[in-house]
Amino acid sequence: MGCVIIGAGAAGMQAALACRKNWPDSQVTVVDSEPEVGYYRTLIPQFINRALTEDRLFFWQQKQDRELDVRAGVSVDAVDRANRTLFLSDNQRLPYRRLIIASGGQPIVPPICRTPAVRGIFPVRNLTVARRARTWLRTNPDTVILGGGLVGVKLAAHLAEFNYPVTLIERERQLLPQALSAEAAGVVAAHLQDKGVRLFLAATVDDLQISGGLLEAVRVDARWIPCRTLFVAAGSLPDLDFLAGSGLVTEGRLEVTTSLQTGDSAIFAAGDVATIVDGDRFTPWTWPQAVVQGKLAAANLYAGAPLSLPRLTRVNAMNLNGLSLAILGLPACGYDRTVHADSGSTIYRELFHRDGRIVGGVLIGDISSAGRLHHMMTGGAVSLAEMEEYIIPRRKAMTAASLSLGKYRKKATWLGPGGG
Amino acid sequence: MKVIAVYPDRCTGCKTCELYCAAERGSNSKSLLKAVREEPSPMPRVRVEGTNELSVALQCRQCRQAPCLDSCLTGALRRDDQSGIVVVQENRCIGCWTCTLFCPYGVIYPWPERKIALKCDRCLYMEIPVCVDVCPTQALELVDLAEYDTVLQAKRASVLETIRRAGDRQGALILE
Ligand SMILES: Cc1cc2nc3c(=O)[nH]c(=O)nc-3n(C[C@H](O)[C@H](O)[C@H](O)COP(=O)(O)OP(=O)(O)OC[C@H]3O[C@@H](n4cnc5c(N)ncnc54)[C@H](O)[C@@H]3O)c2cc1C
């Protein structure tokens, strides 16, 4: 009896590998309801638009490690803490000495889209559905994406890049409402429109037109938009049903300490499923956090003095069909703002700060210094002058130029701020 | 493990390292004169930072616990087992810039035109890194960390020796 991990996503798989490395004597069993595991969920948009083939998605293959048992296609239905046993969907029972819950999130599907008999509706979260969508799109390219958050915006940009007709619908008055200020979101919206994405803000899908089991159109703002494909990217939430009665869930959340420990000293949680309580409640919902948390949960499993996560940030970077974005986060309220915007270009750089500490911001169009600024967010206070220095783009590329120096003409090569 | 050591006191901020890095590692032609005319413009993996008074050439430190490795969304970043160097496998990089955002030293650069992240790989497959080779003031040097450790060990030993010789004498110790 060793360590059992629920979920073989980013957090679960990293936890499993780290477990085997840190505690070689402990056997590890990973259980995941998906038929395939160990893939980059983050690459689903590039897989759907056919920029990437399937073999590029997998980061893990079953190797000969007899102490690592990965059971794909099996769900955990319930946790019996008193007997330290899991109940599985294949009617087996699985005892554990230590348990890591890394079950991620499930896509939120609005009731109107929950029509299993209709073909053409695809929640964006897992490979099985992505594979179906990829094939489906071939003959049904007219696409509507419901949800202008990170996943929806990414998918829209990637589909537009491959010339799919895309309509993106967001309930709020701006794109990326949980990540960007209205001004910054405006830059992203203008760029997507420039790339051919049709945008509806402050709108939602309120009806579907179905014919012969096929989606024909969706109604938005009293207007029918013909489409055969509807992607649902309305966010995701942990599905904690299997923890009902376990006593681990508080007001719908699986809360852990910064050492990723639940209220039960034998049970840890990592990744999208976990809410970290550190004064505030924090849910990073990003791939890098899932990886780091998976490793940390594994390191802490049998440790006498558990380690804590380094300071938490919810940052994200992406390339939206030619527009680079480094998102440092959007604080709730009470912050000052420093902005650098280049009129006539897509460069928009914004920092939010409070008492000399950087608490968020975004770099759009030119993301130079992103790493330094992210690092500064997790450090102490910095001066306004320093922030202003970093808010100015500092890309460098080779430039050739002719300099006129009186009657002499000289060719010069230098490294200066580059374009793009 | 061999790393590039930087000597700020010798750096004049001339940016020769940047130019040659861009030409040698970022261009197709590999020649300075032709590289400047290439599209997209070649970009360097080493950057001279600082002011006229104090400048320093910065490149990837090949962190032992590298945040970029944990952040990679595609499996493009990998540590070369033999050298310990963190490399970008360009054929797997999609240019999402997540590693750029996670590098605390700010030394992973986006190259949007080629959709890849750029970082110093110490010119892994060359005899000597190009920046080290061209630096006119030897402000960059290739050092073996193991050798460096030996020097530091000797230093620590001499400090201990000084302390031992001082015995329980009062007052400040002068260390060499
Ligand atoms: C399309 C898309 C694009 C994204 N792009 C980015 C990006 O660019 N950058 C970024 O930082 N993040 C991105 N994310 C978010 C990122 O993928 C997640 O934060 C990350 O995958 C979370 O990892 P996890 O291991 O916590 O959960 P998951 O990866 O969701 O893994 C959880 C696993 O648990 C399994 N499971 C759930 N319940 C059970 C159960 N009861 N029994 C057994 N198994 C169970 C699930 O099947 C799943 O395989 C993206 C997400 C999506 C969907």
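In the predicted model, the domain assignment of chain A, with bounds taken from an automatic or database assignment, gives domain 1 (3-106 + 237-300), domain 2 (109-234) and domain 3 (316-408). The C-alpha centres of domain 2 of chain A and domain 3 of chain A lie 30 Å apart, and 19 residues of domain 2 of chain A are in contact (heavy atoms within 4.5 Å) with 18 residues of domain 3 of chain A.

Residues are numbered from 1 along each chain as its sequence is written, and chains are lettered from A in the order in which they are written. Local features need pLDDT of at least 70 and side-chain atom pairs count only at pLDDT 80 or more, whereas totals for chains, interfaces and linings use all residues; side-chain values use heavy atoms, with hydrogens and water left out.

Chain B contains six helices and eight strands, taken as DSSP runs (H or I of at least four residues for helices, E of at least two for strands) numbered from the N terminus, and these follow the order β-α-α-β-β-α-β-β-α-β-β-α-β-α along the sequence. Chain B is more spread out than a compact globule, because its radius of gyration of 20 Å is well over the 16 Å that the globule rule gives for 176 residues, where the radius is taken over C-alpha atoms and the rule is 2.2 Å times the number of residues to the power 0.38. The C-alpha trace of chain B spans about 70 × 35 × 30 Å along its principal axes.

Of the 176 residues in chain B, 47% are buried, that is, under 20% relative accessible area with a 1.4 Å probe and protein chains only. Among contacts in chain B between residues at least 6 apart in sequence, 56% join residues at least 24 apart.

Definitions and conventions:
Buried < 20%, exposed > 50% of the residue type's maximum accessible area, 1.4 Å probe, protein only.
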